[in-house]
Amino acid sequence: MKRDDLWDLNEALQHPGKHVAIDLSTELPQEADLDLVQPLEGFLEAVSTGNLLLVTGEFKTRCVLECSRCGAPIEQDITYEMDEQFPVEGIPSVYAQDDYARVVPDEDYPLFEENNLMVEALIRQGLLLNLPMQALCIHGWEGTCPEAGKRGIQMKKESENPHFSDLAQLKALADEEPEA
Ligand SMILES: [Zn+2]
């Protein structure tokens with residue numbers, strides 16, 4: 001059975017150096033937590049080097065986020081690029097009678113069914129990684145946010161307290177030190 005969200009990449013995998021591309025538009029129907037105002041649209045390109053499958057792309061959408069300070073809904077444009085690499089094993093069929101190139105399956109984050117890329121899973125992952133960590137409504141952190149005031153929410157930026165951010169930086173440095 002052919003699924004819409006599977007992209008057969010044999011054309012690229014069996015012909016290293018050959019570029020293939022698709023245009024995509026999806027509402028991400030399986031995503032209950034994300035409120036997309038516009039479909040997620042963009043394109044993906046793929047090319048195989050022989051032992052790596054390179055997948056790049058660009059996407060844009062518009063979604064409703066929640067203000068980190070007051071919880072008010074905010075519509076925001078999101079654009080992001082994708083740049084992924086997947087290891088390939090086997091000899092491309094263009095060079096071999098009895099072999100073919102295969103994407104090495106990743107057991108933790110399966111994004112392929114054999115040589116078919118699960119497109120929605122990939123671009124969904126890209127979207128989640130590119131959502132702003134802290135969305136803010138037009139009132140920002142400094143302005144008088146009527147919503148935040150109404151709810152008696154008192155929150156401060158970390159940078160408003162220099163001691164705290166210095167400590168945080170020191171801690172980050174300490175965490176990077178290799179174990180002795
Ligand atoms: Zn707000």
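**Values and their definitions**

Trainee: What makes Asp99 count as partly exposed?

Mentor: Asp99 has a relative accessibility of 23%, and the definition calls a residue buried under 20% relative accessible area, exposed over 50% and partly exposed in between, using a 1.4 Å probe and protein chains only. The value of Asp99 falls in that middle range, so Asp99 counts as partly exposed. Before we go on, keep in mind that this is a predicted model, in which local features need pLDDT of at least 70 and side-chain atom pairs count only at pLDDT 80 or more, while totals for chains, interfaces and linings use all residues. Residues are numbered from 1 along each chain as its sequence is written, and side-chain values use heavy atoms, with hydrogens and water left out.

Trainee: Why are Asp99 and Arg102 said to meet in a salt bridge?

Mentor: A salt bridge requires a side-chain nitrogen of Lys or Arg within 4 Å of a carboxyl oxygen of Asp or Glu. From N to O, the side chains of Asp99 and Arg102 are 3.2 Å apart, so this pair meets the definition. Arg102 itself, at 26% relative accessibility, counts as partly exposed.

Trainee: How do you know that Glu89 forms a salt bridge with Arg102?

Mentor: The closest N and O atoms of Glu89 and Arg102 are 3.8 Å apart, which is within the cut-off, so the pair qualifies. This pair links distant parts of the chain, with Glu89 in strand S5 and Arg102 in strand S6, 13 residues apart. Glu89 is also partly exposed, at 37% relative accessibility.

Trainee: Where does the charged end of Arg102 sit?

Mentor: The charged end of Arg102 sits over the ring of Tyr100, 5.0 Å from the ring centre. The definition asks for NZ of Lys or CZ of Arg to be within 6 Å of the ring centre and within 35 degrees of the ring normal.

Trainee: How many salt bridges does the structure hold?

Mentor: There are five, and one of them joins Arg62 and Glu75, whose closest N and O atoms are 2.7 Å apart. Arg62 belongs to strand S4 and Glu75 to strand S5, 13 residues apart, and the pair links distant parts of the chain. With relative accessible areas of 22% for Arg62 and 42% for Glu75, each of these residues is partly exposed.

Trainee: Why is the pair of Phe86 and Phe112 called edge-to-face?

Mentor: Rings of Phe, Tyr and Trp (its six-membered ring) pair if their centres lie within 6.5 Å, and planes under 30 degrees apart count as stacked, over 60 as edge-to-face and the rest as tilted. By this rule there are two aromatic pairs. In the pair of Phe86 and Phe112 the centres are 4.9 Å apart and the planes stand at 75°, so the pair is edge-to-face. Phe86 lies in strand S5 and Phe112 in strand S7 (residues 112-113), so the pair ties together parts that are 26 residues apart in sequence.

Trainee: Are Phe86 and Phe112 buried or exposed?

Mentor: Phe86 has a relative accessible area of 11% and is buried, and Phe112, at 14%, counts as buried as well.

Trainee: In which order do the five strands of the open sheet stand?

Mentor: The order is S2-S3-S4-S5-S6, with antiparallel pairing. Strand S2 (20-26) and strand S6 (102-103) each have a single partner strand, so one side of each is left without a neighbour in the sheet. Strands here are DSSP runs (E, at least two residues), helices are runs of H or I of at least four residues, and both are numbered from the N terminus.

Trainee: What makes S3 and S4 a pair?

Mentor: Two strands pair if DSSP finds at least two bridges between them, and eleven bridges join strand S3 (residues 35-48) to strand S4 (residues 52-66).
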